[in-house]
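Trainee: I've got a model open and would like to talk through its surface. Could you walk me through it?

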Amino acid sequence: LVDKANLLNIMPDGNHKRWCLLANWQDFSLMRNALTFAAANRMVAAWKAAGIEPGLIWNPSGKNVELVIDGVHLGNYLLCEQIKIDENRLDIAEPYELPKPGKADKYNGKPESYGYLLECDDAYDETTKFTTKHYIPFMFKDDADVGGQMLEYARNLVCGVEDKLCAGNYSDAYNTLDITSMVDYLLINEVMMNGEIWHPKS
């Protein structure tokens with residue numbers, strides 16, 4: 001968008017310029033993504049209401065829309081928040097910001113100081129990416145990296161967890177993971193019967 005807005009009051013708080021139209025092209029019900037977003041957000045609300053810190057710190061929200069452009073009906077889409085690092089979306093310490101006129105880079109040379117937004121996708125079409133020993137593809141959703149330091153840090157962390165799990169060192173793996181967020185993530189995938197968790201596509 002030209003200006004930030006809260007389209008159809010989808011965002012719980014704040015406004016944003018970047019939005020997505022998901023075609024739901026493999027889902028004849030046109031409901032699975034919307035239901036999954038809603039279930040994840042309700043789970044977070046339930047944990048908070050019970051006084052428990054939720055594992056998932058942010059989930060996108062969306063609404064089904066009928067898309068019409070220049071009077072031509074183009075079908076049903078899910079209008080939803082783009083998954084991105086931002087104070088009104090995934091609010092984690094951003095490792096790098098592309099240089100802007102008169103503004104210095106924010107990266108402090110310590111990759112462990114930041115959070116990272118990674119995507120598992122067998123399209124493997126981003127610039128900064130790696131594959132684990134068990135062929136799980138991970139990609140940075142930012143093309144920016146500083147001398148490969150962030151890539152190396154993230155790869156060592158992810159592959160280290162995989163190595164520990166495969167070797168049966170479960171306690172070590174669990175100590176590395178944020179186990180609460182991992183459990184919430186697995187619960188949502190199980191309840192929504194998401195087969196992609198076993199074959200990463202997006």
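Trainee: Which element gives the largest share of the nonpolar patch?

Mentor: Keep in mind that this is a predicted model. The patch covers about 520 Å² and is made by Leu 165, Tyr 170, Tyr 174, Ile 179, Val 183 and Leu 187. Helix H3 (170–176) and helix H4 (179–191) each put in at least two of its residues. The largest share is three residues, and it comes from H4.

Trainee: Okay, and Tyr 170: why is it classed as partly exposed?

Mentor: Tyr 170 sits in helix H3 and is one of the patch residues. The buried class ends under 20% relative accessible area and the exposed class starts over 50%, with partly exposed in between. Tyr 170 falls in between because its relative accessible area is 45%.

Trainee: What share of the residues counts as buried?

Mentor: The C-alpha trace spans about 55 × 50 × 40 Å along its principal axes. The accessible surface comes to about 13,000 Å², with 56% of that belonging to carbon and sulfur atoms. As for the 202 residues, the share that counts as buried is 31%.

Trainee: Last one: how far apart are the mean positions of the positive and negative charges?

Mentor: There are 19 positive and 30 negative charges to average over.

Key. Residues numbered from 1 in each chain as written. Predicted model: local features only at pLDDT ≥ 70, side-chain atom pairs only at ≥ 80, totals over all residues. Heavy atoms only, no water. Patch = residues over 30% accessible without salt bridge, like charges linked within 9 Å, V, L, I, M, F, W, Y side chains within 5 Å. Areas by Shrake-Rupley, 256 points an atom, 1.4 Å probe, with all protein chains shown as cover. Salt bridge = Lys/Arg side-chain N within 4 Å of Asp/Glu carboxyl O. Helix = DSSP H or I, 4+ residues; strand = E, 2+ residues; numbered from the N terminus. Buried < 20%, exposed > 50% of the residue type's maximum accessible area, 1.4 Å probe, protein only. Lys, Arg positive; Asp, Glu negative; His and termini not counted. Charge placed at Lys NZ, Arg CZ, Asp CG, Glu CD.
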